Amino acid sequence: MELEADLRRAFEREEFMLCYQPQIRSSDSKMIGIEALVRWKHATRGIVSPGVFIPIAEETGLIHELGSWVLREACRQMKEWHTAGGPLIPVSVNLSSQQFHQENLAEFIISILDETGLPPQYLELEITESMMMDPTVSTGILHSLTEHGIRISLDDFGTGYSSLSYLKHLPIQKLKIDRSFIRDIASNANDKAIVATIIAMAQHLNMDVVAEGIETQEQLDILTESDCRKIQGYFYSRPLPAWDVEQGFFVPQ
Ligand code: G
Ligand code: G
Ligand code: MN
Ligand code: NA
């Protein structure tokens, strides 16, 4: 397949880049975190979405090389921002379930922190709910990571097929409410009820909760009413290249 061959060459050609999407505390509009999202600048196709190439990377095993590059680059960039006087916030990195097939994943991630000098509390790993069904996503790895001070966040929460029991057993510090529940929250009473319930549950479990995909003031107001003050979405910011993120850090508004 053409895209597959191009994907193999993309590493040599240095065609990957990271964009970053801020997570905001709505009470004071302060940035409290930032999610790294990979992009592929294809020579002829332009920007290819990870929704297209991550599945190919997973099928071909290239996800290991790609995942390592993303982790290293995100940690390197965050350390650089910290050193330059940027806000001391964590960077969130998405993991693929395939990366858990890698032997010594926890040790590998810790070695990237050592290499880049980023303290572990400034790295957050996003895993999806559906990944919890995969037996290779072992509790042991998650515990090793959290014992080192790395945070684990459950992405796309509410869309997986798994039960809630893992919330009790696994070291998870944060839930990210999937944006499919937010989209129609202003008109759909069921979505509103589900979101309010997730927020209350997270609070009872002493977990952080972030709502994803906020695009409007109305959605933001409903979340605020439901006591969710951590927000990610186009309403505040799209995913931005590093140089645009820096404008927000270092140029007075
Ligand atoms: O950024 P965008 O909306 O195009 O992302 C599409 C999907 O790709 C999302 O599900 C997102 O979590 C995923 N994604 C983005 N960057 C990465 C990455 O570095 N690793 C993995 N495994 N998934 C990513
Ligand atoms: O699966 P994951 O939650 O990691 O996907 C994150 C992706 O969701 C981001 O890369 C971004 O492209 C997309 N996204 C972020 N905010 C919004 C938003 O407000 N609206 C929509 N439609 N997509 C968003
Ligand atoms: Mn994510
Ligand atoms: Na999501």
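# Exercises on helix packing and ligand shells

The crossing of α3 and α4 is right-handed. The model is predicted. Work through the exercises below.

**Exercise 1. Describe how α3 and α4 pack, and name the residues in contact.**

Step 1. Two packed helices are described by the angle between their axes and the distance between the axes.
Step 2. Helix α3 covers residues 63–83. Its axis and that of α4 cross at roughly 35° and come within 9 Å.
Step 3. From α3, the contact takes L71, R72, C75, R76 and K79. From α4, it takes I109, I112, L113 and T116.
Step 4. Sort these residues by class: 5 are nonpolar, 1 is polar and 3 are charged.

**Exercise 2. Decide whether α4 is roughly parallel or roughly antiparallel to α5.**

Step 1. Find the helices. Helix α4 runs over residues 105–116, and α5 over residues 139–147.
Step 2. Take the geometry. The axes lie 9 Å apart, at an angle of about 25°.
Step 3. Angles under 35 degrees count as roughly parallel. Therefore α4 is roughly parallel to α5.
Step 4. List the partners. L105, A106 and I109 of α4 meet I141, S144 and L145 of α5.
Step 5. Class these residues: 5 are nonpolar, 1 is polar and none is charged.
Step 6. Look back at I109. This α4 residue is in the contact with α5 and also in the contact with α3.

**Exercise 3. Find which element gives the largest share of the shell around ligand 1.**

Step 1. List the shell: L37, V38, S49, P50, G51, I54, V70, N94, L95, S96 and P239.
Step 2. Pick the elements that give two or more residues: β2 (30–42) and α2 (50–60).
Step 3. The largest share belongs to α2, with 3 residues.
Step 4. By class, the shell has 7 nonpolar, 4 polar and no charged residues.

**Exercise 4. State how many residues surround ligand 2, and class them.**

Step 1. The count is 13. The closest are L37, G213, E215, G233 and Y234.
Step 2. The classes are 4 nonpolar, 4 polar and 5 charged.

**Exercise 5. Compare the radius of gyration of the protein chain with that of a compact globule.**

Step 1. The chain has 10 helices and 10 strands.
Step 2. Its C-alpha atoms fill a box of roughly 50 × 45 × 35 Å along the principal axes.
Step 3. A compact globule of 253 residues would have a radius of gyration near 18 Å. The protein chain has 18 Å, so the two agree.

Methods: Residues numbered from 1 in each chain as written. Chains lettered and ligands numbered in written order. Predicted model: local features only at pLDDT ≥ 70, side-chain atom pairs only at ≥ 80, totals over all residues. Axes fitted to C-alpha atoms, helices over the stretch in contact; angles between N-to-C directions. Helix = DSSP H or I, 4+ residues; strand = E, 2+ residues; numbered from the N terminus. Parallel < 35°, antiparallel > 145°, perpendicular 65-115°, else oblique. Contact = placed C-beta atoms within 7 Å. Nonpolar A, V, L, I, M, F, W, Y, C, P; charged D, E, K, R; others polar. Near = placed C-beta within 6 Å. Rg over C-alpha atoms; globule rule 2.2 N^0.38 Å. Left-handed = near helix turned anticlockwise from the far one by under 90°.
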